[in-house]
Amino acid sequence: MASKQDYYETLGVKKSATKDEIKSAYRKLAKKYHPDNKETGDENRFKQIQEAYDILYDDKKRAAYDQFGHAAFETAGSNPGANPFQGAGFSGFGFGDNGVDLGDIFSSFFGGGRRTKRNPSGPQRGEDSILRVKIDFMDAVNGKDITLPLNIEETCSSCHGSGARTAQDVHVCNHCNGRGYVNVQRRTLFGVVESQEVCPNCMGSGKVISDKCPTCGGKGYVKNNVDVKVHIPAGINNGQQIRVAGRGERGRNGGPNGDLFVEVVIKPHPIFERQGNDIHVEVPLDFVDAILGTKIDIPTVYGEATLSIPSGTQPGQVLRMKGQGIKDLRTSRPGDQYVHLNIKTPTNLSKEQKELLLKFKDAAKPNSSFFEKFKKSFRR
């Protein structure tokens, strides 16, 4: 088994750190590594930080750790691997009662006000879910309506999530008195400790059902195959998400479903390349047109548009077509299209073409070629 990192090192505090310093370090790290933080979230790192905090913030756990190290939490009596601190006041490595409310920490970080503790037997909103869909490049430019076939767990319309045939068939669990949990005492190396565990009679709901709902069989929810229409707005970019309310994971105890977030993956286009709201395209150009200048029809995401090529255009030159890019998702203001000119030189010339080019060369002033100018730059 790999050795665990020292809890003080995990939180980045000294062994003499006060409880306030430990709490401050925990808050900072928890915000940074919480899985909901899309930029720096790290679930494994977050669990390590939570475990270290649960030990060091509690005086008894901290004293045991300072004396015995990690071994204090790996052996309990004759049951190796048991956690002697799994009890009241020693709420494991989860969201323990150590003077800090994670809802308080993350509400300011992820939005919303202070959250209160949930009633485990009350209605609870379901988790959000994510679904990735791949669309064509032009569908992202112009927008499109798509239909997603989904299998969704929804609150049973017959019992409204209670799982009972009638309201009179729902009773308060007499084992936990409706709390959803029971107190359990265990004898450990450190004496008798008390913990709260999910009630085995009602499985945490706080209720028992005498006659189950015939529609859902007492589960409180049913599975439905539904076709969900999703509007892909014009200008959406790769990786952006569309929220579909109420189509996420099912709620508990009659609570509402979470939301579904549809993440868009855009297929690449063989000609156009998108950079923000701008479009880049490479266009071949005959060398004679580059010399003399011309007008050509250029493909854009909205159809063809005429572009003037100035005389004396150089290889690799980029010309801008204003307003021919993608419309901004919020302002509808279009970006631009940038045309990268790839000037083509013919490789197989006819005799007549060669003669014409020689006449052009002879008509030029002596020593005026680009190569002669290049050579002169090295002369002293």
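**Lys 295.** I began with Lys 295, which lies in strand 16, residues 294-300. I took strands (E, at least two residues) and helices (H or I, at least four residues) as DSSP runs, numbered from the N terminus. I noted that the model is predicted, that local features need pLDDT of at least 70, that side-chain atom pairs count only at pLDDT 80 or more, and that totals for chains, interfaces and linings use all residues. Residues are numbered from 1 along each chain as its sequence is written, and side-chain values use heavy atoms, with hydrogens and water left out.

I then looked up the accessibility of Lys 295: at 62% relative accessibility, Lys 295 counts as exposed. I used these classes: buried is under 20% relative accessible area, exposed is over 50%, and partly exposed is in between, with a 1.4 Å probe and protein chains only. Leaving aside neighbours within four places in sequence, I found Lys 295 in contact (heavy atoms within 4.5 Å) with Thr 306, Leu 307 and Ser 308. Lys 295 and Ile 309 are 14 residues apart in sequence, and their C-alpha atoms are 5.7 Å apart.

**The chain as a whole.** I recorded nine helices and 19 strands. Of the 380 residues, 36% count as buried. Among contacts with a separation of 6 or more, 62% come from residues 24 or more positions apart. The accessible surface is about 24200 Å², and 49% of this surface belongs to carbon and sulfur atoms. Such areas come from the Shrake-Rupley method with a 1.4 Å probe; for residues, only the protein chains shown count as cover.

**Cores.** Which residues have the most contacts inside the largest nonpolar core? I found Val 230, Ile 232, Val 262 and Val 339, in a core of 38 residues. A nonpolar core is a set of buried Ala, Val, Leu, Ile, Met, Phe, Trp, Tyr and Cys residues joined through side-chain atoms within 4.5 Å. A second, separate core has 19 residues, including Leu 11, Tyr 26, Ala 30 and Ile 55.

I followed Val 339 further. Leaving aside neighbours within four places in sequence, the contacts of Val 339 include Val 281, Ile 298, Leu 307 and Met 321. Leu 307 is also one of the contacts of Lys 295.

**Cysteines.** How many disulfides are there? A disulfide is a pair of cysteine sulfur atoms within 2.5 Å, and by this rule I counted zero. The sulfur of Cys 156 is too far for a bond, because the closest cysteine sulfur, in Cys 159, is 3.8 Å away. Cys 216 is likewise in no disulfide, with the sulfur of Cys 159 nearest at 3.7 Å. Cys 156 is buried, at a relative accessible area of 1%; Cys 216 is buried too, at 5%.

**Positive phi values.** I noted that most residues other than glycine have a negative phi. His 160 has a positive phi, near 55°. I located His 160 in the loop between strand 6 (144-155) and strand 7 (170-172), and this residue is exposed at 62% relative accessibility. Asn 177 also has a positive phi, near 60°. Asn 177 is in the loop between strand 7 and strand 8 (181-188), and is exposed with a relative accessible area of 59%.

**Helix 7.** My last entry concerns Val 288, which lies in helix 7, residues 287-292. At 35% relative accessibility, Val 288 counts as partly exposed.
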